Amino acid sequence: MTKIINVKGDVVDNDTALFYSFFEMACVSPQGVQNQLQQGDPNEDVEVDIASNGGDVFAASEIYTMLKSYQGSVNVVIQGLAASAASIIAMAGQNVSISPTAQIMIHKCLVNPGFSNADDLRTAAGVNDGIDQSIANAYELKTGMSQADLLQLMSNATWMTAQQAVDNGFADEILFVQGKELSASNSISSVPNKKAINKFLNLLNKAKPKDMDMGSDGSDDNADNNLLPAINPLYPEGTPITVLADHMPNMQGAEGVVRHAYIANVYIIDYQPTDGSPEVTGHRWVTEDEIENLVPDADGQDDKSETKINKKEKENPKAQLQHALSLLF
């Protein structure tokens, strides 16, 4: 069997946990985690499920130490947000899995100065610096990044998507998708890499309407539902763009045009590969941070983006999804 430890709600010390418990508020405390670890076989695997905004840094440190000292295997699953103190606890996992829709947030510690004079504030700043270094130690052991780089990320209050968390070493894998799988190809055409596949599946899951239900046989029971058009996108349809993404060979640095803009900051684009090969039309998907304006003034609309759209595809959302998959395989 596997012991399940839920890190849900605030991370608090043992005394504060009594208050939370009285009012039936969700929390996790060192004593609560210790009680669960002591139950059953001391060598049983432990799964730590995290969805927490964080809380008391010292309570998180105590929980982190308990999990790191545990005899059995400790696997962490980030289900929602692992922010602040909760991200420290996440670093205790021998294997850290993260949902494609989850995020990790790290930042420098905060303190409530209360009624403090200048000397008190200077002392508090020194204490905070020491706490930040202690937090960075946990991140360093997991990621292998330098303290300086980690402290800068913390100073920036960095939010990481699932893919960014894996790329930076804060997580080992994205749930449901084998992002590290080697892609071996025997083809004269270009096959998207696993990173691009990951991004497609994550974006599709993020942007899918809530009423879109997939049947047990994998069929779409609501075939008329698909990605919803963006209302006020940063890059409207027809905007000339430079492509920053590297999903495909000769894609990065290419010039193109936005063909469609959808919710969740997702775009379909046309672009001219940098090696002069034929224009790629209807490339799905790129995100807002993977393109930029080709020219400062985005008012000039490129009429060709609309005239080149396949009207039948536009009217049939299921065909859009099928075409997206055809671009990947």
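Predicted model: local features only at pLDDT ≥ 70, side-chain atom pairs only at ≥ 80, totals over all residues.
The chain is built from 11 helices and 13 strands, and 41% of its 329 residues count as buried. Among contacts between residues at least 6 apart in sequence, 61% join residues that are at least 24 apart. The accessible surface of the chain comes to about 17,800 Å², and 51% of that surface belongs to carbon and sulfur atoms.

**Nonpolar cores**

- In soluble globular proteins, nonpolar side chains tend to be buried together.
- The largest nonpolar core in this chain has 49 residues, of which Val48, Leu67, Ile98 and Phe170 touch the most other members.
- Helix α3 supplies the largest share of this core, with 7 residues.
- Apart from this core lies another one, of 14 residues, which has Ala245, Val258, Tyr267 and Ile291 among its members.
- Phe170, leaving aside its neighbours within four places in sequence, is in contact with residues that include Met91, Val96, Ile104, Ile106, Tyr139, Lys142 and Thr143, and also Met145, Leu150, Met160 and Ala165.

**Helix α5 and its surroundings**

- Helix α5 covers residues 118–143, which makes 26 residues, and from its first C-alpha to its last it reaches 37 Å, close to the 38 Å expected at 1.5 Å a residue.
- At the N-terminal end, α5 is capped by Asn117, a side-chain oxygen of which lies 3.0 Å from the backbone nitrogen of Asp119.
- Just after α5, Gly144 takes a positive phi of about 80°.
- The buried residues of α5 are Asn128, Ile131, Asp132, Ile135, Ala136, Ala138, Tyr139, Lys142 and Thr143.
- An α-helix has 3.6 residues a turn, so residues three or four places apart point the same way.
- What covers the buried residues of α5 includes the helices α3 (57–69), α4 (85–90), α6 (147–155) and α7 (162–168), together with the strands β5 (95–98) and β6 (103–106).

**Strands β4, β6 and β7, with Thr158**

- Strand β4 (residues 74–83) runs parallel to β6, and 3 bridges join the two; in this part of the structure, Leu81 stands opposite Gln103 of β6.
- Strand β6 also pairs with β7, here in the antiparallel sense and over 3 bridges, and the bridge partner of Met105 in β7 is Trp159.
- Thr158 has its place in β7, which spans residues 158–160, and it counts as buried because its relative accessibility is 15%, below the 20% limit used for that term.
- A polar atom of the Thr158 side chain lies 2.7 Å from the backbone oxygen of Leu153.
- Leaving aside its neighbours within four places in sequence, Thr158 is in contact with Ile104, Met105 and Ile106, as well as with Leu153.

**Ser97 in strand β5**

- Ser97 is found in strand β5 and is buried, with a relative accessible area of 6%.
- The side chains of Ser97 and Asn95 are joined by a polar contact of 3.2 Å.
- When its neighbours within four places in sequence are left aside, Ser97 is in contact with Val76, Val77 and Ile78, and also with Glu173 and Leu175.

- Strand β12 (residues 280–287) is largely enclosed by the rest of the structure, because 6 of its 8 residues are buried.
- Strands β11 and β12 run antiparallel and are joined by 5 bridges; the bridge partner of Tyr271 in β12 is Val280.
- Asn265 has its place in the loop between β10 (255–262) and β11 (266–272), and with 40% relative accessibility it counts as partly exposed.
- Although Asn265 and Glu288 are 23 residues apart in sequence, their C-alpha atoms are 5.4 Å apart in space.
- Leaving aside its neighbours within four places in sequence, Asn265 is in contact with Val286, Thr287 and Glu288.

Conventions. Residues numbered from 1 in each chain as written. Heavy atoms only, no water. Helix = DSSP H or I, 4+ residues; strand = E, 2+ residues; numbered from the N terminus. Buried < 20%, exposed > 50% of the residue type's maximum accessible area, 1.4 Å probe, protein only. Polar contact = N/O pair within 3.5 Å; in protein donor to acceptor, adjacent residues only side chain to side chain. Contact = heavy atoms within 4.5 Å. Expected span 1.5 Å × (residues − 1). Pairing = 2+ DSSP bridges. Areas by Shrake-Rupley, 256 points an atom, 1.4 Å probe, with all protein chains shown as cover. Core = buried A, V, L, I, M, F, W, Y, C linked by side-chain atoms within 4.5 Å.
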